[in-house]
Amino acid sequence: MAAEDLVERRSIDVVPDDERHGTAFSQFTLWLGANLQITAVVTGALAVVFGGDVVWSIVGLVVGNLLGGAVMALHSAQGPRLGLPQMIQSRAQFGVKGAAVPLLLVILMYVGFFASGSVLAGQATAELTHTDDTTGIVLFAAVTAVMAAVGYRVIHALGRVASVICALAFVYLGVRLLDRVDLSALLGDAHFDLPMFLLAVSLSASWQLAFGPYVADYSRYLPRTTSAKATFWWTLSGSAIGSQWSMTFGVLVAASAGDAFLADQVGYVVGLGGSGLIASFLYFVIALGKLTINVLNTYGGFMSMVTGVSGFRGQKVLGPRGRTAYIAVIMVAGTVVALLGKDSFLTSFKDFLLFLLTFFTPWSAINLVDYYLISRERYDIPALSDPHGRYGAWRLDALAVYGIGPLAQLPFLVTHFYTGPLVEPLGGADISWVVGLVVPAVLYWALARRGSVAPGAGPRADTGVIPSAGEAPAP
């Protein structure tokens, strides 16, 4: 393949049928590789660090990965149907300009995940290059930006490589861990605690839901004839298996190692595997796993920024210079946050995950209700770039529903810096993410069915235009 064919030309424009390629199985390898990584290990460990036992933490993480993963996979199934990036579809719900409201929060999410990933990957990179953590973070960020700039093909190739190498490494680490711990003792000390169980569910659900705003970016090149069910199941299985595998490992490590793991997550995991060449290989695996997910975060951030800005500028195509500039902004912002927050990683990361959940569950609920129940999987694609078209510039009713979503969750929210008034009557359990899915979904559906949500929603939205084979109308 020529270099010019490897570098992606598309951004927020529709992918025409003659450029579609691949199979739904590509979603499995991509999301498996993206989840077999150190930050997912830390996420699982948090369930034990904050008070859970091994058995119920693992069960809670399974529940959260399946529930959150199903929502995420429903977004993935939209990609082959529309050939569009995920967040540009939000214009159908919030208006061509109104979509910038959730987009601002999505961009913050990408920067935050870029930063949190760079903290741990920077430590591994520093060990490989014999430098300090700051230099490792900067080097890792630069490599991430270059690969994100190349685009879609290299991202999927990276996912395929990471899914194999990281799976082999995790099998090896799992065997080494089981040699060190008394598994029967860990599993025998099971004591169900509802708040801790729900914390585990929330941690893994938030992990999966946070992929929602960009998951269709990586399925939009699949042929339009690709089965929605196949896309859904391959995405869900790759993401749920990869994340549960990593998180279960994190639970067992945190429960058996305690402070030794908390003091140096990367160092402990590598030390578990061995020394010398094995240690170098494991540092490489940690960096590779984080590279896979951070490239997704950088690419998704770039796409979201273009979507937000183009809604006001009417921009329909993006040249190489513009692409590089957007990616550089994500890289610089994420690197600065990583350097500032690297000394308080665990607490900050847990609060960051749960805080994100309050904003992205309402977005997911509205997007999925509109796409599957109201618009019936059909959008007027040219109107997605026309503020005077059927979707309008600002859909205030939909934005109001979106705003109600986080507010409805506040009484049930538990974070380091805020605890809602209804948490204590529930025994300390955090059920905010459930409220964040249900309340906006019901409200949006009711408004749309009554025709109260601005033009383009409601029963007649299923007459929207879908581009025919070979066409690529501007979004």
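User: What makes the contact between Asp380 and Arg390 a salt bridge?

Analyst: In this predicted model, the N to O distance between the side chains of Asp380 and Arg390 is 3.7 Å. A salt bridge requires a side-chain nitrogen of Lys or Arg within 4 Å of a carboxyl oxygen of Asp or Glu, so the pair qualifies.

User: Why is Asp380 called buried, and how is Arg390 classed?

Analyst: Asp380 has a relative accessible area of 16%. Buried means under 20%, so Asp380 is buried. Arg390 has 23% relative accessibility, which puts it in the partly exposed class, between the cut-offs of 20% and 50%.

User: How many salt bridges does a search of the whole structure find, and which residue pairs with Arg224?

Analyst: The search finds two salt bridges. Arg224 pairs with Asp17, with the closest N and O atoms 2.7 Å apart; that value is within the 4 Å limit, so the name applies. The pair links distant parts of the chain, 207 residues apart: Arg224 is in the loop between helix H11 (194–209) and helix H12 (228–257), and Asp17 in the loop between helix H1 (3–6) and helix H2 (25–35).

User: Why do Arg224 and Asp17 count as partly exposed?

Analyst: Relative accessibility is 21% for Arg224 and 22% for Asp17.

User: How do you know that the buried residues of H18 line one face?

Analyst: The buried residues are Ala398, Leu399, Val401, Tyr402, Gly405, Pro406 and Gln409. Seen down the axis of H18, they fall within an arc of 160°, so they line one face of the helix. Leu396 and Leu407 are exposed on the other side of H18.

User: What span does H18 have, and what is expected?

Analyst: H18 has 14 residues and reaches 21 Å from its first C-alpha to its last. At 1.5 Å a residue, 20 Å is expected, and the value is close to that.

User: Which residues make the nonpolar surface patch, and what lets Leu410 count towards it?

Analyst: Phe355, Leu407, Leu410, Phe417 and Tyr418 make a patch of about 480 Å². Leu410 is in the loop between H18 and helix H19 (432–449). Its relative accessible area is 34%, so Leu410 is partly exposed and passes the patch cut-off of over 30%.

Definitions and conventions:
Residues are numbered from 1 along each chain as its sequence is written. This is a predicted model: local features need pLDDT of at least 70, side-chain atom pairs count only at pLDDT 80 or more; totals for chains, interfaces and linings use all residues. Side-chain values use heavy atoms; hydrogens and water are left out. Helices (H or I, at least four residues) and strands (E, at least two) are DSSP runs, numbered from the N terminus. Buried means under 20% relative accessible area, exposed over 50%, partly exposed in between (1.4 Å probe, protein chains only). Patches are made of residues with over 30% relative accessible area and no salt bridge: like charges are joined within 9 Å, nonpolar side chains (Val, Leu, Ile, Met, Phe, Trp, Tyr) within 5 Å. Accessible areas come from the Shrake-Rupley method with a 1.4 Å probe; for residues, only the protein chains shown count as cover. The expected span of a helix is 1.5 Å times one less than its number of residues. The arc is that of the directions from the helix axis to the C-beta atoms.
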